[in-house]
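Here are a few quick notes from my pass through this one, on the pockets and a helix pair. Have the viewer open while you read.

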Amino acid sequence: GTWTDRAVDEHDPRWAFGPPPRNKANYAWVQQTVACMGDGGRALMLLCNAALHSDSGREAAARRAWARSGLIEAVVALPGGLFADGRPPSSLVLMRRGRPSQDILFVNAQELGDDVGFAPSGAVARRLSPEAVERIVQTYAAWRRDGCADMPGFCRAVPPCELEANGCALTPWTYVGPR
C-alpha cells in the first residue's frame, strides 16, 4: 500500500534499483533492507508474490534491477493461508552480499501446507508441518553445500541467463516444472 504521502526523492541513496512508487511499499522495503546490508550481510524477507512478477511501471524496473543485482540467493513460495490475517500467498526471499554463485534457488512449497480449518478472515487456514519445514531447510542446505538442486515440482537452481529469458520473474513456479 501507500508508504509515503510525499514525493519520493529520486536521489535517495537507498534507491539502488530505482525510486519505488509511493503506492507500493514492497520495493521501498526491499531497497531499505538492501541499503542496510553490510559486506557479507544476509537478509530474509517475506513478500507478497505480486512483488516477484509485477510488470507495471517502476515496479517492473525495480524488480528486474533487483533480480540482476546478484543479491538474491533463494526464493521459497509458501502456501496461502499461513497467516491469520488472510494475506495472499507469499514467498520468502533470501539475500546475501558477496555470494559465490549467481544462480538462484527456487523452491515451490505451495503444496506443502496442511489445511487446519479457517482463519478469522474466513479463508482456509494452513500450516507447514515440521517435516515440510525440514524439507525446505534441507533442500537449501544441500544446494548451498553441493551447488545443485533439481527436484521436479519442488526446486531448481536457475542461472542468470534463464532468469533474463523469463523477464527476471522471481516466482518459483516460473522455473520449477511439474512433478
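This is a predicted model: local features need pLDDT of at least 70, side-chain atom pairs count only at pLDDT 80 or more; totals for chains, interfaces and linings use all residues.

1. Of its 13 lining residues, V76, L92, L94, I136 and V137 sit closest to the centre. By class, the lining is 13 nonpolar, with no polar and no charged residues.

2. Where does the lining of the largest pocket come from? Two or more residues each are given by β2 (72–77), β3 (90–96), β4 (104–108) and α3 (130–146). The largest share, four residues, is from α3.

3. The second largest pocket comes in at about 150 Å³. Its lining is E73, R96, R99, P100, S101, D103, W143, R144 and G147. That set splits into five charged, two polar and two nonpolar residues.

4. Now the helix pair. Helix α1 (residues 25–36) and helix α2 (residues 57–68) have axes that come within 11 Å and cross at roughly 30°. Angles under 35 degrees count as roughly parallel, so α1 is roughly parallel to α2. The crossing of the two is left-handed.

5. Which residues make that contact? On α1 they are Y27, V30 and V34, and on α2 they are E59, A62, R63 and W66. Five residues in the contact of α1 with α2 are nonpolar and two are charged, with no polar ones.

Note on methods: Residues are numbered from 1 along each chain as its sequence is written. Side-chain values use heavy atoms; hydrogens and water are left out. Axes are lines fitted to C-alpha atoms, for helices over the stretch in contact, and angles run from 0 to 180 degrees between N-to-C directions. Angles under 35 degrees count as roughly parallel, over 145 as roughly antiparallel, 65 to 115 as roughly perpendicular and the rest as oblique. A crossing is left-handed if the near helix is turned anticlockwise from the far one by less than a right angle, and right-handed if clockwise. Contact means heavy atoms within 4.5 Å. Ala, Val, Leu, Ile, Met, Phe, Trp, Tyr, Cys and Pro count as nonpolar, Asp, Glu, Lys and Arg as charged, and the others, Gly among them, as polar. On a 1 Å grid over the protein atoms alone, a cavity is a set of points where a 1.4 Å probe fits but cannot get out, and a pocket is an open set with protein on both sides within 12 Å along at least five of seven lines; lining residues have an atom within 4 Å of a point. Grid points are joined across faces, edges and corners, and a volume is the space filled by probe spheres set on the points.
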